[in-house]
Number of protein chains: 2
Amino acid sequence: MVSVAAVPGDAAGELLAPIDFYFDFSSPYGYLASELIDAVGARHGRRVVWHAVLLGAAFRATGGQPPSQQPIKGDYFRTDFQRSARYHDIPLRMPAGFPVSSLHATRSFAWLGQQDEALARRFAHAVFRAYFTAERPIDQLDTVLDIARSLGIDRAALAEALTTQSLKDATRLANDRALARGVFGSPFFIVDGESFWGVDRLPQLERWLSEGGF
Amino acid sequence: MVSVAAVPGDAAGELLAPIDFYFDFSSPYGYLASELIDAVGARHGRRVVWHAVLLGAAFRATGGQPPSQQPIKGDYFRTDFQRSARYHDIPLRMPAGFPVSSLHATRSFAWLGQQDEALARRFAHAVFRAYFTAERPIDQLDTVLDIARSLGIDRAALAEALTTQSLKDATRLANDRALARGVFGSPFFIVDGESFWGVDRLPQLERWLSEGGF
């Protein structure tokens, strides 16, 4: 499970493995992490590799379910989503339709990532913010295509790609790989073979990066 | 749900509601919180009221199960227990027998609390440390009685009390009250009507106490 591949490219992260950042577009804690993780990587000279995952498969494998859907816990989590956002000073307006399918957004992210990782990340930010600050229905294909277009992405080309079996297969493969690495929630971070689950584990992740483990 | 009762007794906490701290003796995160929460209370002039609960009932109500028992998640949690302990600089040696029933310890805590809250708290610390640093089988009646005796508690009187229906009823009532307040995990904190679940929510709890909410 230890990822020791050197990061090609810019000098800063040359010899350090990246932080793998896994998220589901329908996850509020994943959204919060998406607004925080790049600064964590920058503080510690680590590249961050973003991975969109579909947690439905993980929930089936672990017997779990989204926290907000569970009896009693649901009310707590709805409070905690908002409080955690205020704690981190990140805007959050929980969508009335929650959770929703993140399938189109995840496949779109995978397609963009095959071409331009930085663009895929800008798209991910845009999807998260559209859903969690403006209540846009990111489960709808048109919403996803419109968000892409707003970033200068060819709307028709993306729409075409989303119909292909190869993109469906690539997305499923990426998801299977995440599950095989033990990813079962969002956000989930893996660095130097160490796993961290939850935006509330960022302090431990940061200490880990500072001290090379603890 | 808002608890606005003034704290009787010492001047420091006169006008501030206490922090209600709920824990299960079989919970590693509850143990970590038990080593941290009194300092949190002291820093903010709040009394901390300790409540031992039996989470089995809560897990039945929420459809949940102990995190370490869940597929895939179990391995993660075993790592996270130890790492969280190191993060907080608290000794932890996960018992081979885990989790175990905390019934005897919880009833004993309730009985002691009826007489001497400070003594009950010392007992709680002793039980947690016996289980999570010395692997003593706290599900066994003899272990619980021995721990009590080591604190100067009358072993025979406690053994006698543990056979009474009134103590069983009192423990069940306390547990039902906790469930009615929405307690579904360990540790769980409620202060000024606001709920916080998990040792990883102590930073939010502290900010809440510092700023009177946020």
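Where in chain A is the place of A:Pro99? The views below take up this and other spots. This is a predicted model, in which local features need pLDDT of at least 70, side-chain atom pairs count only at pLDDT 80 or more, and totals for chains, interfaces and linings use all residues. Residues are numbered from 1 along each chain as its sequence is written, chains are lettered from A and ligands numbered from 1 in the order in which they are written, and side-chain values use heavy atoms, with hydrogens and water left out.

View 1. A:Pro99 sits in the loop between helix H4 (73-87) and H5 of chain A. Helices here are DSSP runs of H or I with at least four residues, strands are runs of E with at least two, and both are numbered from the N terminus. The bond joining A:Phe98 to A:Pro99 is cis, with omega about -10°. The loop between H4 and H5 of chain A is also the place of A:Asp89. Here phi is near 60°, which is a positive value in a residue other than glycine.

**View 2. A cis peptide bond in chain B.** Look for the step from B:Ser186 to B:Pro187, where the peptide bond is cis and omega is near 0°. B:Pro187 belongs to the loop between helix H9 (165-180) and strand S3 (188-191) of chain B.

**View 3. A salt bridge within chain A.** A:Arg129 and A:Glu35 meet through their side chains in a salt bridge (2.7 Å, N to O). A:Arg129 lies in helix H6 of chain A and A:Glu35 in the loop between helix H1 (28-34) and helix H2 (37-43), so the pair ties together parts that are 94 residues apart in sequence. A salt bridge is counted when a side-chain nitrogen of Lys or Arg is within 4 Å of a carboxyl oxygen of Asp or Glu. Over all chains, the structure holds 36 salt bridges.

**View 4. Where chain B meets chain A.** Here 29 residues of chain B are in contact (heavy atoms within 4.5 Å) with 29 residues of chain A. Between them the two chains bury about 2,900 Å², 56% of it on carbon and sulfur atoms; this is the accessible area (1.4 Å probe) lost on putting the parts together, summed over both. There are 6 salt bridges between chain B and chain A. One to find is the pair A:Arg83 and B:Glu194, whose side chains meet at 2.8 Å, N to O. On the side of chain B that touches chain A, H4(B) gives the most, with 9 residues.

**View 5. The second largest pocket.** This pocket holds about 570 Å³ of space. A pocket is an open set of points on a 1 Å grid over the protein atoms alone, where a 1.4 Å probe fits, with protein on both sides within 12 Å along at least five of seven lines; lining residues have an atom within 4 Å of a point. Grid points are joined across faces, edges and corners, and the volume is the space filled by probe spheres set on the points. Of its 22 lining residues, those closest to the centre are A:Trp50, A:His51, A:Phe109, A:Ala110 and A:Ala174. H9(A) brings the largest share of the lining, 7 residues.
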